[in-house]
Amino acid sequence: MAGGGGITVLCSPGVTPTFTLLSGLHDNQASPATHAMQDTAATAFVGYTLYTDTARTAALAVNDTIILSAFASAPQTIDLYGRAFGDPGNLPAGTYEDTLNVELSW
């Protein structure tokens, strides 16, 4: 399973912020993925990894930093793409979630 989306950031003109992926609540619970989503009603996990490109070849590892351009007056979007790993035949249907910790500094 794969998907994409982004995080929009707006800072004061002239600011050059950095975005750092710190960790996920369930990191290392499902190999070979970096992060894992947990079934909200059970202990099953689905592993996933975030990427910075649509081909999903540039993985965003824990503590990786993305440096944004200096702001003018428009917001910037950090595009992120994900890929979930797992054997659907061995996972119960349910709602899976994770919490990621990130840092935006300037």
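Trainee: Hi! What kind of model am I looking at?
Mentor: Welcome! This one is a predicted model.

Trainee: Okay, strands then. What is the order of the strands in the open sheet of 3?
Mentor: The order is β5-β2-β8, and the pairing is antiparallel.

Trainee: How many bridges join β2 to β8?
Mentor: There are 6 bridges between β2, which covers residues 18-24, and β8. To find one of them, look at T20, whose bridge partner in β8 is E103.

Trainee: What actually holds paired strands together, in general?
Mentor: Strands of a sheet pair through backbone hydrogen bonds, in either a parallel or an antiparallel way.

Trainee: New topic: β3. Which strand forms a hairpin with it?
Mentor: That's β4, with 5 residues between the two strands. β3 (residues 35-39) and β4 run antiparallel and share 4 bridges. For a landmark, H35 stands opposite Y48 in β4.

Trainee: What about β3 and β7, how many bridges are there?
Mentor: 2 bridges join β3 to β7, which is residues 96-97, again in the antiparallel sense. Here D39 stands opposite Y96.

Trainee: Let's go inside. Which residues touch the most other members of the largest nonpolar core?
Mentor: The core has 17 residues, and V9, F19, L60, I66, L68 and I78 touch the most other members. As for strands, β2, β4 (45-51) and β6 each supply at least two residues of this core.

Trainee: Pick I66. What does I66 touch?
Mentor: Setting aside residues up to four places away in sequence, I66 touches P17, T18, F19, T52, L60 and I78.

Trainee: Last one: Q76. Is Q76 buried or exposed?
Mentor: Buried, because its relative accessibility is 18% and the cut-off for buried is under 20%. You'll find Q76 in strand β6, residues 76-85.

Trainee: So what does the side chain of Q76 reach?
Mentor: The side chain reaches the backbone oxygen of S69 at 2.7 Å. Beyond its neighbours within four places in sequence, Q76 is in contact with I7, T8, V9, L68, S69, A70 and F71.

Notes
Residues numbered from 1 in each chain as written. Predicted model: local features only at pLDDT ≥ 70, side-chain atom pairs only at ≥ 80, totals over all residues. Heavy atoms only, no water. Pairing = 2+ DSSP bridges. Buried < 20%, exposed > 50% of the residue type's maximum accessible area, 1.4 Å probe, protein only. Polar contact = N/O pair within 3.5 Å; in protein donor to acceptor, adjacent residues only side chain to side chain. Contact = heavy atoms within 4.5 Å. Core = buried A, V, L, I, M, F, W, Y, C linked by side-chain atoms within 4.5 Å.
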